[in-house]
Amino acid sequence: MEIKNKRAIVTGGTRGIGRAIVKELAARSCCGVLFSDVAFVYNSCDECAEEIMAEIPDPTKIFAFKADATSFEQAQATVNAAIEKLGGVDILVNNAGITRDNLLLRMTEKDFDDVINANLKSVFNYTKAVLKTMINQRYGRIINIASVVGLIGNPGQANYVASKAGVIGFTKSVAREVASRGITVNAIAPGFIETDMTKKLNEEQRKKLLQNVPMQRMGTPEDVAKVVAFLCSKDADYITGQVIAVDGGLTM
């Protein structure tokens, strides 16, 4: 897969899936033929940002930006700064997100609004911020990280599920708007992935989760990152408006 001379922006790039995506795209820039400069955005944990930058090999050009993904003004300013550093933008990966789980009867309005803003409005913010540049150059790859629960629902996550279902609908609509301009827009729906959140589960909870996963294991952040890399590549030129589940067969 070629990702040649491409510049990428990844939101939520310091932890879990986002961290794996940044490292996957950056690693491809060390292979001679393949090259991709990466800017990642984060909202907390300066130490995490420093760690990931230290882990990236010298040939990679990587830049970190601290910003609130829920703010359109900050998103636009961050994209402008990233474009200045990178010399342009070809790839956007919308990964930023949070959870505030609770049964609907106990869920607060703030918990609902916070999740919608972080998971869905952030996708609007960054997509709108890069779109004019991508339209002008008649090329772009936008990958939105959704979730399988946006397809099947999940009790105790009405806010999170609503946000991820919204990401899927947003993906399909924008894909139709910009397909003729050489821009593809796709979503990835991870299933149960080994992250900081799932590491908190006890053995009984883990076993219950995996009962409906045919592969009988959780995925890794790298499993998701490799699909992102594929959608960024020339091999995926004729794929747009799709939702690719990376879930071990959970939604087959």
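## A word to start with

Buried means under 20% relative accessible area, exposed means over 50%, and partly exposed is anything in between, using a 1.4 Å probe and protein chains only. By this rule Asp-114 is partly exposed, because its relative accessible area is 22%.

The model is a predicted one, where local features need pLDDT of at least 70, side-chain atom pairs count only at pLDDT 80 or more, and totals for chains, interfaces and linings use all residues. Residues are numbered from 1 along each chain as its sequence is written, and side-chain values use heavy atoms, with hydrogens and water left out.

## The chain as a whole

Let's begin with the overall picture. The chain has nine helices and seven strands; these are DSSP runs, with helices (H or I) of at least four residues and strands (E) of at least two, numbered from the N terminus. Along the principal axes, the C-alpha atoms fill a box of roughly 45 × 40 × 35 Å.

How much of the chain is buried? Buried residues make up 50% of the 252 residues. The chain exposes about 12,200 Å², and carbon and sulfur atoms supply 52% of that area. Accessible areas come from the Shrake-Rupley method with a 1.4 Å probe; for residues, only the protein chains shown count as cover. As for contacts (heavy atoms within 4.5 Å), residues 24 or more positions apart account for 75% of those with a separation of 6 or more.

## Charges and salt bridges

Side chains of opposite charge can pair when their charged atoms come close. In this chain there are 30 positive and 28 negative charges, and their mean positions are 5 Å apart. Here Lys and Arg count as positive and Asp and Glu as negative, while His and the chain ends are not counted. Each charge is placed at NZ of Lys, CZ of Arg, CG of Asp or CD of Glu. The structure holds eleven salt bridges, each being a side-chain nitrogen of Lys or Arg within 4 Å of a carboxyl oxygen of Asp or Glu.

Which parts of the chain does the pair of Glu-24 and Lys-226 tie together? These two form a salt bridge whose closest N and O atoms are 3.6 Å apart. Glu-24 lies in helix H1 (residues 16-27) and Lys-226 in helix H9 (residues 221-232), so the bridge ties together parts that are 202 residues apart in sequence. Glu-24 counts as buried at 13% relative accessibility, while Lys-226 counts as partly exposed at 47%.

Asp-237 and Arg-141 also meet in a salt bridge, at 2.6 Å from N to O. This pair links distant parts of the chain: Asp-237 is in the loop between H9 and strand E7 (243-246), and Arg-141 is in strand E5 (residues 140-145), 96 residues apart. Arg-141 is buried at 4%, and Asp-237 is partly exposed at 35%.

Lys-110 and Asp-114 form a salt bridge of 2.7 Å, N to O. Both lie in helix H4 (residues 109-137), four residues apart, about one turn of the helix. Lys-110 counts as exposed at 56% relative accessibility. Elsewhere, Arg-19, Lys-23, Glu-51 and Glu-55 are linked in a network of salt bridges.

## Two positive phi angles

Most residues other than glycine have a negative phi. Cys-45 is not a glycine, yet has a positive phi of about 60 degrees. Its place is in the loop between strand E2 (36-42) and helix H2 (46-55), and Cys-45 is partly exposed at 23%.

Gln-216 also has a positive phi, near 55 degrees. This residue sits in the loop between helix H8 (203-210) and H9 and counts as exposed at 52% relative accessibility.

Where does Arg-181 lie? Arg-181 is in the loop between helix H6 (158-178) and strand E6 (183-190), and counts as partly exposed at 35% relative accessibility. Leaving aside neighbours within four places in sequence, Arg-181 is in contact with Ile-135, Arg-138 and Tyr-139. Arg-181 and Tyr-139 are 42 residues apart in sequence, and their C-alpha atoms are 6.7 Å apart in space.
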